Amino acid sequence: MEASDAEPMNTEITPPTSRRRRKKSMVWEHFTIETISGSCTRACCKLCKQTFAYSNGSKVAGTSHLKRHIALGSCPKIKNLEKQQLALTSDTKADGDTIEPTKRRYRTSSFGYAFDQEQSCAYLAKMIIVHEYPLHMVEHPAFLSFVQSIQPRFKMIDVNAMEGEVLSVYHKEKLNLMQVLGTLPGRISLTIGLWTTSQTLGYICLSGQYIDLDWKLHRRMLNFMMVASPHSENALSEVISVSLSDWNMKTKLFTITLDNNCSSHDIYSANLRDHLSNKNTLVLKGQLFVVRCYANILNVVAQDVIASIHGIVYNIRESVKFVKASPAREEKFSEIALQIGIPGTKALSLDVTTLWNTTYIMLDAALEYKEAFTFLETCDDNYNEAPSADDWKKVEVVCTYLKLLYESANTVMATIDQTANIFFQEAWKIQLELTNATLSQDLMVSSIAKEMHEKFDKYWKDCSLVLALAVVMDPRFKMKLVEFSFSKIYGEDSARYVKVVNDSIHELYIEYVAQPLPLTPAYIDQGEANHVNGNDNNPHTTPNPMGDGLLDFDIYLSETAVNQATKSELDQYLEESLVPRIQGFDILNWWKLNNLKYPILSKMAKDILGIPVSIVGTGCSIFGSGTGSRVLDEYRSSLRPETVEALFCAKDWLQYLPTFTESPSTMFAKLEF
């Protein structure tokens with residue numbers, strides 16, 4: 001039946017109901033009945049407002065033509081809705097091309113959406129991956145009932161088939177990532193973490209960090225590989241070698257960042273180092289090859305110093321428990337604090353023993369109420385846990401230096417793009433404070449500081465060079481911050497250490513000069529010039545570099561360049577004035593805009609700034625990274641190694657897809673009609 005061209009009357013009624021005949025057809029979810037004249041009625045689509053014949057007197061037209069309007073997509077509103085749905089659910093390649101959706105689709109009479117069994121299975125697999133649901137949830141009766149209530153046409157697959165879907169998602173996303181990594185102009189740095197299981201087996205997690213063509217920082221998990229003995233001499237070397245081959249990155253490796261369970265001796269095993277040396281991929285003769293994780297050294301130092309006063313920490317923890325055991329005790333304690341004159345700016349809190357930052361917060365707050373705890377012990381026979389005066393002094397010293405670590409960790413976590421340059425400023429201040437504290441005349445201060453300094457000093461000696469090179473690539477500091485900080489740390493001997501950094505940065509630059517660069521003609525077209533100046537407009541100007549009549553001038557420039565002793569890009573960069581230290585400075589954008597000015601140096605800066613100084617990624621807590629291997633749960637330990645790798649890697653990759661980064665409210669807004 002054709003839709004009526006005439007405007008329906010304003011009289012609108014709901015479908016008539018009666019005890020004898022109640023309308024049960026689902027089409028009435030989409031239609032209303034309108035009276036045209038007398039006993040003549042028409043069905044009006046709620047979406048597109050088209051009307052169709054329904055009844056004329058005692059003759060009823062039925063609902064088949066109404067069903068066809070909804071189920072076959074004749075309704076223009078539903079057609080538009082389906083196009084939006086397909087646009088949202090179609091899979092997208094890394095380069096932005098859209099893969100055609102599968103042809104096996106069924107329409108549902110209820111909503112008019114296109115149902116695709118295969119696509120639904122793929123999205124179910126992604127849901128299991130992203131939310132870490134068990135594979136066997138596809139056999140849970142409650143979940144089956146839920147799915148059937150939403151889409152009765154969906155045929156649930158078994159566990160084995162779901163495992164295959166997970167592997168399919170993994171392989172597809174891996175191919176996309178390989179295409180991205182294959183176009184990288186620079187190098188990639190690895191982070192390595194260890195996982196253990198309840199069995200004797202272990203897993204090694206490798207992630208790659210890099211800066212892309214658009215000067216954006218990325219970190220992606222590359223492998224999650226099972227090894228029989230993760231702490232064995234050659235385990236790491238074998239895994240790294242396999243991963244480099246798997247991802248075609250044998251000549252692109254720049255640095256490797258380790259947690260505290262990895263030994264640098266493993267990395268330098270004969271097979272791997274010989275292979276890399278033969279490929280000429282180790283810069284500065286391997287001086288930058290191994291980087292220790294900054295987050296882990298903070299955790300190690302903090303947890304060790306807390307452990308050194310574990311008895312006092314226990315007493316304070318029990319004291320806080322006693323006070324917070326009841327409202328009456330808290331009120332009594334508050335009265336004591338008020339009577340003594342304690343300002344009470346901090347609230348007492350219990351710690352989580354595995355998170356040292358919560359222990360620091362607990363100790364720091366309790367320290368403010370030390371006199372109140374002492375007074376409480378004299379007036380309450382049930383309380384006898386108050387620390388002594390010497391104990392409180394130790395807590396005060398410990399908190400003084402824990403505060404350095406705590407604030408440094410928070411500064412790093414607050415940085416969205418954790419480029420390598422941000423860590424030097426944090427590390428040198430801690431090194432300076434701990435070094436000075438070891439020389440204190442107060443024996444308690446010096447003894448506690450020596451325990452902390454011993455471990456942090458080793459980290460500083462191992463990593464200060466790579467941290468210094470990174471901060472030199474920061475146009476706000478260059479060599480000036482290195483000179484200033486080293487003068488504070490090393491005193492009269494600082495010139496020797498500054499020279500090491502200066503010589504290293506120049507030697508590294510020479511290595512990059514020897515590498516081939518893309519052709520960069522003296523002529524820059526208007527589009528490139530606009531981009532350098534931050535202006536991407538004026539796309540219509542496309543001058544021909546060979547037709548500007550200045551070919552002789554280009555020859556003259558090249559001849560004079562050979563005859564004149566010009567400064568290198570590095571020396572020119574170092575001699576120029578520092579960039580102002582403004583709030584929100586974007587170092588990657590600065591190098592992007594100065595890429596043409598420093599073609600060689602910017603390539604070196606991209607690799608250095610991309611070094612992952614911490615294995616703890618953006619958005620994760622440094623305090624929860626711990627000092628031991630992470631443990632795989634019993635369920636995942638029972639899965640096949642290739643399935644475990646697929647679950648871990650695919651979860652990491654999927655989180656960056658638009659489908660999973662877009663908020664639900666935004667997606668629903670697109671579906672409004």
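Of the 673 residues in the chain, 44% are buried (under 20% relative accessible area; exposed means over 50% and partly exposed lies in between, with a 1.4 Å probe and protein chains only). The model is predicted, so local features need pLDDT of at least 70 and side-chain atom pairs count only at pLDDT 80 or more, whereas totals for chains, interfaces and linings use all residues. Residues are numbered from 1 along each chain as its sequence is written, and side-chain values use heavy atoms, with hydrogens and water left out.

The secondary structure comprises 27 helices and 13 strands. These are DSSP runs numbered from the N terminus, with helices being H or I of at least four residues and strands being E of at least two. Of the contacts in the chain with a separation of 6 or more, 69% involve residues 24 or more positions apart. A contact here means heavy atoms within 4.5 Å.

The expected span of a helix is 1.5 Å times one less than its number of residues. Helix 25 covers residues 641-654. Its 14 residues should span 20 Å, and the end C-alpha atoms are 20 Å apart, in agreement. Eleven of the 14 residues are buried, so helix 25 is largely enclosed by the rest of the structure. Among the buried residues are F648, W653 and L654, together with the charged residues E645 and D652.

Helix 3 (residues 117-131) packs against helix 25 at an angle of about 95 degrees, with the axes 8 Å apart. Axes are lines fitted to C-alpha atoms, for helices over the stretch in contact, and angles run from 0 to 180 degrees between N-to-C directions. Helix 3 is therefore roughly perpendicular to helix 25. That class covers 65 to 115 degrees; angles under 35 degrees count as roughly parallel, over 145 as roughly antiparallel and the rest as oblique. Helix 3 contributes K126, I129 and V130 to the contact, and helix 25 contributes L647, A650, K651 and L654. By class, five of these residues are nonpolar, none is polar and two are charged. Nonpolar covers Ala, Val, Leu, Ile, Met, Phe, Trp, Tyr, Cys and Pro; charged covers Asp, Glu, Lys and Arg; the others, Gly among them, are polar.

Eleven of its 13 residues are buried, so helix 12 is largely enclosed by the rest of the structure. W356, Y360 and M362 are among them. The cover over the buried residues of helix 12 includes helix 9 (294-307), helix 10 (310-323), helix 13 (370-379) and helix 14 (389-413).

Strand pairing requires at least two DSSP bridges between two strands. Strand 11 (residues 253-258) has six of its six residues buried, so it is largely enclosed by the rest of the structure. Strand 8 (residues 188-196) runs parallel to strand 11 and is joined to it by four bridges. T191 stands opposite T257 of strand 11. Strand 12 (residues 290-292) also pairs with strand 11 in the parallel sense, over three bridges. There, V291 is the bridge partner of T257.

Strand 3 (residues 40-45) has five of its six residues buried and is therefore largely enclosed by the rest of the structure. Strand 2 (residues 31-37) is antiparallel to strand 3, with six bridges. F31 stands opposite C45. The hairpin of strands 2 and 3 has two residues between the strands, and G38 takes a positive phi near 60 degrees. Strand 4 (residues 51-56) is joined to strand 3 by five bridges, also antiparallel. A43 faces F52 across this pairing. Five residues lie between strand 3 and strand 4 in their hairpin, where K49 in the turn has a positive phi of about 70 degrees.

Most residues other than glycine have a negative phi. W215 lies in the loop between strand 9 (202-211) and strand 10 (217-227), and is buried at a relative accessible area of 4%. N248 also has a positive phi, near 55 degrees. N248 sits in the loop between helix 6 (235-246) and strand 11, and is exposed at 59%.
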